[in-house]
Structure formats: structure tokens, C-alpha cells
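Dear colleague,

I am handing over the structure we spoke about, and below it I have set out what was found. Please read the notes with the sequence and the model open beside them.

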Amino acid sequence: MPLQEGIALDFRALNYFAKIAELGSITRAAQHLNVAQPALSRQVRQLEDELGAQLLIRESRGIHLTDQGRELFEHAKTILREVQRAKDEVRGSAGSPGGTCALGLVPTICPRVAPDLVSIIRSDYPRIDLTISEAYSQPLMDWLDEGRLDLAVLTEPAPTRRMIIEHLVSEEMMFVAVRGSRKAGPISLDELATTPLVMSQGIRTIIDNLLGHKGPLVTVMLELNSIETIRLMVRQGIATTILPRSILYEEARSGEVTLHPIGPKGIFRRLALGYSRTRRLSRSSQIIKDSVMKIVADLDAKHTFRSEADV
């Protein structure tokens with residue numbers, strides 16, 4: 001929705017509108033913002049008058065955004081986030097680091113990175129407001145583009161001019177089975193192609209891409225987008241799967257499951273940090289970036305991502 005020439009949007013009204021759109025209710029937004037409902041409604045009407053477009057449809061159970069309202073909401077999130085970044089930068093330069101950072105993590109790395117990262121931020125940088133979103137790589141890249149995320153840890157990211165991609169680590173993908181169900185050692189590509197697997201959509205896409213030029217692809221008995229449920233099924237001997245080495249690191253060390261390299265040389269996924277090329281990282285985001293890189297480096301030193309023979 002291009003803004004008409006001469007229109008100067010009120011940031012307060014824009015913030016009010018964005019909160020209503022986020023919560024889906026003028027009543028809940030008024031309570032969250034500690035603003036009287038009539039004042040909130042008046043600000044939105046003035047915003048609609050300025051833009052010459054209806055933004056909200058008021059219903060008995062809340063509000064519904066019009067097409068113009070949805071478009072403005074997307075712009076508002078980016079605008080308000082940039083304003084907050086600017087405030088954070090100025091405040092952070094005057095004292096201990098503070099501000100906000102929105103980090104995206106793929107599901108197979110989130111359990112490895114998030115607990116240590118939250119612990120570091122709470123103890124060393126309590127003024128940083130960190131939010132973590134978990135999703136597959138493509139949605140994370142879209143959210144980076146839209147300004148909803150500051151940073152994201154991605155799997156096998158495609159090159160793009162819009163983002164800076166920094167390599168973190170190469171992680172081995174392993175065939176996983178319950179203890180005692182098969183002999184130690186690698187699984188051949190031919191055997192893998194005929195072995196029924198339970199896999200998530202994201203892992204299946206990675207494996208198809210990694211194996212596509214090497215030989216037969218995998219046979220998926222069940223597609224299940226819950227890594228934790230897949231881990232449980234493997235431990236119970238219900239299924240076999242392919243997962244990154246780090247996900248089953250503890251189970252492998254305790255002997256609950258066995259990890260088997262795939263093919264004669266193994267196959268590896270690439271983990272990388274991505275962030276916008278056009279938006280400078282705030283001080284808080286830079287701290288999160290450095291912390292994530294240190295956590296991954298420490299895990300790599302413990303052979304979490306690769307066996308000692310691969311290092």
C-alpha cells in the first residue's frame with residue numbers, strides 16, 4: 001500500500017494499530033498498552049483517515065484485517081522494529097549492552113544452541129531481550145528478508161545477494177537405529193534406499209539434495225514433523241531414521257542407539273549464520289551472533305557434529 005505524498009504517519013498510532021493487529025482485539029490491545037479503548041479506536045480511525053483506507057473490520061469476537069490492513073501491518077512491523085533498533089543502539093552505547101534480538105533456529109539445532117545461549121544472555125547480558133523462533137530454513141530466510149528476524153542459523157542455505165551467509169560447521173548426517181538392531185559400521189547407499197525410514201520434511205529435503213547426485217534416494221515410510229517423536233520412536237525400536245549427529249549425541253554415548261555413517265565417506269550438511277546485507281546488526285544482535293558462534297565452536301570441539309576421524 002504506497003503511502004500518499006504528504007502523509008506523515010504518527011508512530012504512536014502505528015504502534016497502536018500494530019498491537020491491535022497482533023492481538024486480534026481492540027480490548028486486549030488496550031489492556032496491553034494501558035490505553036483507554038475509545039482513545040485507541042480514535043487513533044486507528046485517524047490513521048484510516050490519513051491513509052484513505054479501511055484497515056480493520058470490527059466483529060463481535062474481535063477484529064479482522066482488511067487487505068490494506070494486512071499490508072500496513074507488515075510495513076508497521078518493519079518500521080517499528082527499525083525504530084526500536086535505533087533506540088537500543090543509542091541506549092546501549094551509554095551503558096551495559098541492551099536491546100532486542102530476534103533469532104531463528106532450525107529445529108535440529110535449536111535444542112543444542114538455545115539452552116546455552118539463554119543461559120549466557122541471562123547471566124552476562126540481562127538487558128538484552130532475546131526471542132527465538134524455530135522453523136525450517138526457507139521460512140527463516142523469508143523472515144530475515146521481511147525484517148522479522150535479525151539472525152538465523154540455517155541448513156544448506158542457498159546463495160543470495162540479499163543476505164550475508166557465514167559458515168558455522170559441517171555436520172554429519174547419520175543413519176540411526178536402536179541398539180543391537182544392526183552391526184556397526186556404515187550403511188551403503190543401496191541398503192539405505194530400501195530401508196523404510198521415519199523422517200521430517202526438512203530432513204528429507206536435505207537428504208534428497210545431498211544424495212541426489214550420488215545414487216538411490218531414501219524410502220520414507222512415514223513423514224513426521226516432530227524431531228522429538230522420531231527420537232522416541234527410534235529409542236523404542238519402532239523406526240529407523242536419518243538425523244544430524246548432534247541430535248542423538250547423548251543417546252549414542254549412553255548406548256541407547258547406534259549411529260551409522262552413510263555411504264563410504266559419509267554425508268554432511270552445512271550450518272550457517274544468515275543476516276541481512278542491508279540492515280546493520282545492532283550491538284545486541286552482534287552479541288547474540290558471537291555467542292552462537294562460540295557455542296557451536298565449543299560443541300564442535302567436543303566432536304558433537306563430527307567424529308574424531310572426520311576432524
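Two strands are said to pair if DSSP finds at least two bridges between them, and strands themselves are DSSP runs of at least two E residues, numbered from the N terminus. Please keep in mind throughout that this is a predicted model.

With that in hand, strand β6, which covers residues 163-178, pairs in the antiparallel sense with strand β11, residues 267-276, over 10 bridges, and within this pairing H167 has A272 of β11 as its bridge partner. Strand β6 is also joined by four bridges to strand β9, residues 241-244, again in an antiparallel arrangement, where M173 stands opposite P244. A further four bridges connect β6 with strand β10, residues 257-260, running antiparallel, and there V176 is partnered by L259.

The other element I would point you to is helix α3, residues 37-51, whose 15 residues should span 21 Å at 1.5 Å a residue, which agrees with the 21 Å between its end C-alpha atoms. The buried residues of α3 are L40, S41, Q43, V44, L47, E48 and L51, and because they fall within an arc of 155° when seen down the helix axis, they line one face of α3. An α-helix has 3.6 residues a turn, so residues three or four places apart point the same way. On the face of α3 turned away from that buried side lie the exposed residues P38 and D49, and just after the helix G52 adopts a positive phi of about 65°.

Note on methods
Residues numbered from 1 in each chain as written. Predicted model: local features only at pLDDT ≥ 70, side-chain atom pairs only at ≥ 80, totals over all residues. Heavy atoms only, no water. Expected span 1.5 Å × (residues − 1). Buried < 20%, exposed > 50% of the residue type's maximum accessible area, 1.4 Å probe, protein only. Arc of directions from axis to C-beta.
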